[in-house]
Amino acid sequence: MQIRFYNSLTNQVEDFTPITPGKVKMYSCGPTVYDFAHIGNFRSFLFGDLLRRFLELAGNEVHHVMNITDVGHMVEGEQDKMEEAAERVKVNKKSGRLPEGAIGDPNDPYQIAKYYTEAFLEDAKRLGYKIAYEYPQCVPHATDHVEGEAGMIGMIQKLLDKGHAYIAKDGVVYYSVESFPDYGKLSGNSLDKIQEGAGDRVSASDQAHKKHPGDFMLWKPDQHHIMKWDSPWGTGYPGWHIECSVMAKALLGADKIDIHTGGEDLKFPHHECEIAQTCGATGADTFANFWIHARFLFVEGKKMSKSDGNFYTARDVFSGNVQVKDESGSIVKLGKPVSPAVARFELIKSHYRNNMNFTVKGLRDSAATIQKLIEFRADLEEKTGGQAAEVDLSHPVLNQFASALADDLNISDALSVMHPWIRGPHPDPHESLAVWQKMNSVLSIAPVNEGTADAIQEVASEQEVATLEQAEGWLTEMLAAKADKDYAASDVLREKIIDAGFEVQQSKEGASIKKKL
RNA sequence: GGCGUCGUGGCCAAGUGGCUAAGGCAGCGGAUUGCAAAUCCGCCAUCGCGGGUUCGACUCCCGCCGACGCCUCCA
């Protein structure tokens, strides 16, 4: 099975072959931990997860690394992100939006970062993001990689030694883009085409001391910054791009890696700068062979933004705090909790190179699909006692499924193999269970995280258990009423069960209730 | 202005130079049901617009229209 991916470096679909056969080294740009991660972040992260899980299904050993950005890099207005976060945290604590005692001292950036890192990992685990289970060994913190020869300071020194960086009059260490002929190769922005300040985000004072407007900061001496480290260029903090170059090299143990992923917005400048830094420092001709970018997520057809009221964190979705305008234009809240499996499926079910549209309707569709899959799986489990046969990719259905994914991660095509197969027939449930487990090792939706050592269990709360018991009681009463042909009473009871969030399923084999997702 | 991605049924979304244009959701018809739900069976598109290449294009080329992203905080 030839694997092919769209490579942003060449803007075409190319055959993928790992540098070392059977072993894939991949790096994903991870979250900043000054706030809860939103579903757009997770769309990008879960794309990386899908990629990784597919490569594993295809027989590769995947070494996946993703960073946690916890350095409070500068933002406009001379305020750093940790300072900004500190103020937000204080407000949220006051208003009760953050749990009591969540962050003891909001003025301590390490406490803020720790809190949001834990929140991120928790969300990521619930969404079946495999790498979250590999914390901390594959999920490094930027703040742990500032110092030392193998750290950011070491790489900056190397760049200075090799003439790729210079110290400007204001003491800031800049990367000289003119020293790196390939700068612009990834984004297609050649130096003469980069319109200075076209994005309107560059302040004149920052530009004053650069040799070229495209030069970017590697180290900024600044005593006032909250997070600061001593360096040969003064106490201060590192530039944004350097952390990924350093951590990829340090944790993956190679100058050249197979795959680097991130959101499409990171292509320029972030990834362009990473390439310049890594290749400049190591002398290697490439950093990653494949650069793969996920497109943005939209919510109800629009770019997610706080002011449009369509900005959701993962936890907003889990709790059902998601709203939509109905036909008359009034706002309707979804209001009911969304299972992590449903959220995951919603976020992975469309191709990574398309803008995916996150909608309440989509969420409902996904819930129906997950419900079906859970029942399908439960049925196989029951028939087999959980004993799966041995299957590999030569199995025709699995082969089609994997081949679809091998074609630039064509998830839609893979799902179009899955759906009719689920519908049956399944003469050998042991074999079907095995096939499903393989499929689910990639999809990770029923259940979430099948195949990982410590798959997270969605534990039902006491209240949920109580509700279930009550509903089961109603079901018994309902069946009794039906037996007495008291249909009015039976219908009332059925309504009660449905209102409690269950589905009543009746067939020749009997009646049962299922929690409705 | 520069660099890219994209435009397929009510919605989501694959795909191919020519065989019946996947799959899912919704809808419709039927089976089942006390009535429903779930389930099962069946039905449901000529591919943004205009040219060109070709025996033949939705698929290749050109133009146009439209959507979206990036161009130094952003997944």
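Student: What makes Asp255 count as partly exposed?
Tutor: Asp255 has 30% relative accessibility. Partly exposed lies between under 20% for buried and over 50% for exposed. So Asp255 counts as partly exposed. Keep in mind that this is a predicted model.

Student: Why is the pairing of Asp255 with Lys249 called a salt bridge?
Tutor: The closest N and O atoms are 3.2 Å apart. The cut-off is within 4 Å, so the pair is called a salt bridge. Lys249 is partly exposed, with a relative accessible area of 28%.

Student: How many salt bridges does the structure hold?
Tutor: It holds 20 salt bridges. One of them pairs Arg52 with Glu134, with the closest N and O atoms 2.7 Å apart.

Student: Why does the pair of Arg52 and Glu134 tie together parts that are apart in sequence?
Tutor: Arg52 lies in helix α1, residues 39-57. Glu134 lies in the loop between α3 and α4. So the pair ties together parts 82 residues apart in sequence.

Student: How do you know whether Arg52 is buried or exposed?
Tutor: Its relative accessible area is 2%. Buried means under 20%, so Arg52 is buried. Glu134 has 17%, so Glu134 is buried by that cut-off.

Student: Why is the pairing of Arg315 with Glu122 called a salt bridge?
Tutor: The closest N and O atoms are 3.7 Å apart. That is within 4 Å, so the name applies. Arg315 is in helix α8 and Glu122 in helix α3, 193 residues apart. Arg315 is partly exposed at 24% relative accessibility. Glu122 is partly exposed, with a relative accessible area of 47%.

Definitions and conventions
Residues are numbered from 1 along each chain as its sequence is written. Chains are lettered from A and ligands numbered from 1 in the order in which they are written. This is a predicted model: local features need pLDDT of at least 70, side-chain atom pairs count only at pLDDT 80 or more; totals for chains, interfaces and linings use all residues. Side-chain values use heavy atoms; hydrogens and water are left out. A salt bridge is a side-chain nitrogen of Lys or Arg within 4 Å of a carboxyl oxygen of Asp or Glu. Helices (H or I, at least four residues) and strands (E, at least two) are DSSP runs, numbered from the N terminus. Buried means under 20% relative accessible area, exposed over 50%, partly exposed in between (1.4 Å probe, protein chains only).
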